Each structure stands twice: as C-alpha cells, then as structure tokens.
Amino acid sequence: MRKLLIAANWKMNMYRQEALELTRGIVEQTRFFTFVDIMIAPPFTALEIVKSEIQNTQIQLGAQDVFFEESGAYTGEISPGMLLDAGCAYVIIGHSERRQYFGETNEIINKKVSVALKNHLIPILCVGETWEERNQGRAFLVLNQQILFGLQGIDNEKLSSIVVAYEPVWAIGTGKSANKEQVQEVHAYLRDVIKEFTSSNEMAFNIRILYGGSMSPKNAQEILSLKDVDGGLIGGASLKIDSFSSLVQIAESVQKVKEQ
Ligand code: PEP
C-alpha cells in the first residue's frame with residue numbers, strides 16, 4: 001500500500017529565523033498525524049536549522065537540488081554526499097524552475113537522479129508540460145520523454161525508492177491547479193510508462209507519484225483521493241503553518257480512507 005507523501009518546497013524563501021518558526025509550527029500541528037509521510041525542502045542555508053527542529057518527529061528533510069558530481073572543483077555546487085551529511089533523505093530533481101531558468105536538460109536531470117540514488121537519497125523527479133505543449137497536444141510526448149530520459153540507465157532495484165512528481169508548469173504558482181480528470185489521466189499514464197520501462201507491474205504499482213501545482217487546502221481532498229495520486233509537492237501553501245498543516249491533515253484522512 002502506497003503511503004501519501006506531503007512534500008514542502010520552500011524554494012528561495014525563508015531566512016533561518018523564519019524557517020525555525022515555520023518548522024516549529026508545522027511540527028506542533030502535525031505531530032499526531034502518523035498515516036502520512038512529510039518532507040520539508042528548505043533552501044540550503046536553512047537545512048541545519050530545520051533538521052534540528054524535526055529531530056524525533058516523523059518529518060524528513062529534503063533538498064531542492066543536487067549536483068551530479070560527488071566532489072571536486074565545482075564552485076557553488078552541493079554534492080549528494082553533502083546533502084546526506086546534512087541529514088537529507090530526499091532531493092527534488094528537475095523542478096520546472098530549474099529546467100526553465102537554469103537550463104537543466106533531461107540528460108543533466110538523469111545524471112542527478114542517478115547520483116542521488118547512488119548516495120542513498122530519494123529523488124523526487126519532477127515532470128510536467130507547459131501550457132503551450134498541452135494546447136498543441138504534445139503533453140504526453142513531453143512527459144514520456146522526461147520520464148524515460150530521467151530514468152535512463154537506472155536499474156529496477158535502485159528505482160524502487162524513487163518518487164515522481166507530476167507538476168504541470170501552467171499550474172505552478174498560478175492558483176490554477178489541473179482538474180481532477182487531467183491529474184488522474186496523467187498519473188495513470190506515468191504509471192503505465194514506468195510499467196513498460198521497468199517491465200514490472202509491482203514496481204509501477206509501488207512507485208509514488210505526487211501532484212504539484214497550486215495545491216491548497218481547498219482542492220487537496222479531491223486531488224489526493226484520486227486513485228493514482230500519492231501525495232503532493234507543495235510550493236506556496238507550504239510557506240504558512242496553517243495551510244501546510246491543513247494539507248497534512250487532509251492527507252491523513254484521505255490515507256485512512258484509502259487503507260480501508
Ligand atoms: C512547486 O513549485 O513545486 C509548486 C507546486 O508550487 P505551487 O504549489 O506554489 O504551485
């Protein structure tokens with residue numbers, strides 16, 4: 001049975017004092033929810049302070065990016081080993097903002113997924129089409145390529161821990177989430193692509209596929225209840241104690257229903 005994961009992507013927000021207060025509030029409000037997994041990905045500068053606040057809780061730490069080399073002369077980059085050393089369990093890879101503003105290609109993303117897995121980090125591989133691609137009827141082709149290139153060369157044993165996040169670019173930070181039919185259709189499609197790629201029904205069934213794109217306490221119940229949705233990658237709504245904690249609470253009740 002897949003367990004819902006509610007993952008916070010704080011992006012380039014939160015000074016350390018703000019990060020401390022937000023984490024403290026989230027810990028306080030979510031401490032009795034045990035049916036869901038929770039992850040917080042702060043900026044690198046706040047990893048340590050968040051880590052100290054989530055000690056002895058069920059919340060896990062994540063990073064928003066990683067470099068694909070393990071050490072060396074790469075000024076400004078952070079290696080997977082460094083993330084592990086900082087206490088990270090997860091790392092977000094291939095977010096559309098990295099693809100769009102930092103020129104990350106499927107090839108770069110594939111290297112990052114591979115090196116993250118090698119270093120025992122759980123990659124959250126983000127895929128998603130732009131509005132233009134959807135309008136041109138190319139959404140599924142784009143998603144297919146992002147998944148197949150992203151996972152290229154990675155064997156089934158390593159792949160079993162990966163998380164995929166479907167994040168339609170047009171829904172990120174716009175307040176306009178995909179509707180439930182669009183979300184379920186893409187998630188089922190991604191699971192099929194993974195099934196074909198791994199030649200394993202079991203693997204495809206067990207991989208968690210999150211939805212991301214303007215998820216909020218208003219639409220979460222509907223989206224999280226969908227058959228092939230296994231949680232959310234949350235941007236804007238993860239920056240407030242109340243909205244993020246409500247999302248965790250909604251996921252908790254949805255998970256209980258899914259388990260019945
Ligand atoms: C994101 O950037 O991963 C995201 C889903 O953002 P938002 O929730 O703000 O749309």
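**Pockets and salt bridges**

Mentor: In this predicted model, helix α4 (residues 96-101) gives the largest share of the lining of the largest pocket, 3 residues. By class, that lining has 6 nonpolar, 3 polar and 4 charged residues. The space in the largest pocket comes to about 420 Å³. Its lining is made of 13 residues, and the closest to the centre are Lys11, Met12, Gln64, Arg98 and Phe102.

Now the second largest pocket, whose volume is about 290 Å³. Here 17 residues form the lining, and Arg2, Arg191, Phe205, Lys227 and Asp228 are the closest to the centre. Sorted by class, the lining of the second largest pocket has 9 charged residues, 6 nonpolar and 2 polar.

Next come the salt bridges. The whole structure has 16 of them. One joins Lys3 to Asp37, with the closest N and O atoms 3.3 Å apart. Lys3 lies in the segment before β1 (5-9) and Asp37 in strand β2 (residues 37-41), so this pair ties together parts that are 34 residues apart in sequence. Lys3 is partly exposed, with a relative accessible area of 30%, whereas Asp37 is buried, at 18%.

Another salt bridge runs between Arg24 and Glu53, whose closest N and O atoms are 3.0 Å apart. Arg24 sits in helix α1 (residues 16-30) and Glu53 in helix α2 (residues 47-54), so the pair links distant parts of the chain, 29 residues apart. Arg24 is partly exposed because its relative accessible area is 48%, and Glu53 counts as buried because its value, 18%, is under the 20% cut-off.

A further salt bridge brings together the side chains of Asp65 and Lys112, at 2.8 Å from N to O. Asp65 lies in the loop between β3 (59-63) and α3 (80-85), and Lys112 belongs to helix α5 (residues 106-118), so the pair ties together parts that are 47 residues apart in sequence. Both partners count as buried: Asp65 has a relative accessibility of 7%, and Lys112 has 4%.

Finally, salt bridges that share partners join Arg2, Arg191, Lys227, Asp228 and Asp230 into one network. Arg2, Arg191, Lys227 and Asp228 were named above, among the residues closest to the centre of the second largest pocket.

How values were computed
Residues numbered from 1 in each chain as written. Predicted model: local features only at pLDDT ≥ 70, side-chain atom pairs only at ≥ 80, totals over all residues. Heavy atoms only, no water. 1 Å grid on protein atoms, 1.4 Å probe; cavity = no way out; pocket = protein on both sides within 12 Å on 5 of 7 lines; lining within 4 Å. Points joined across faces, edges and corners; volume = space filled by probe spheres on them. Helix = DSSP H or I, 4+ residues; strand = E, 2+ residues; numbered from the N terminus. Nonpolar A, V, L, I, M, F, W, Y, C, P; charged D, E, K, R; others polar. Salt bridge = Lys/Arg side-chain N within 4 Å of Asp/Glu carboxyl O. Buried < 20%, exposed > 50% of the residue type's maximum accessible area, 1.4 Å probe, protein only.
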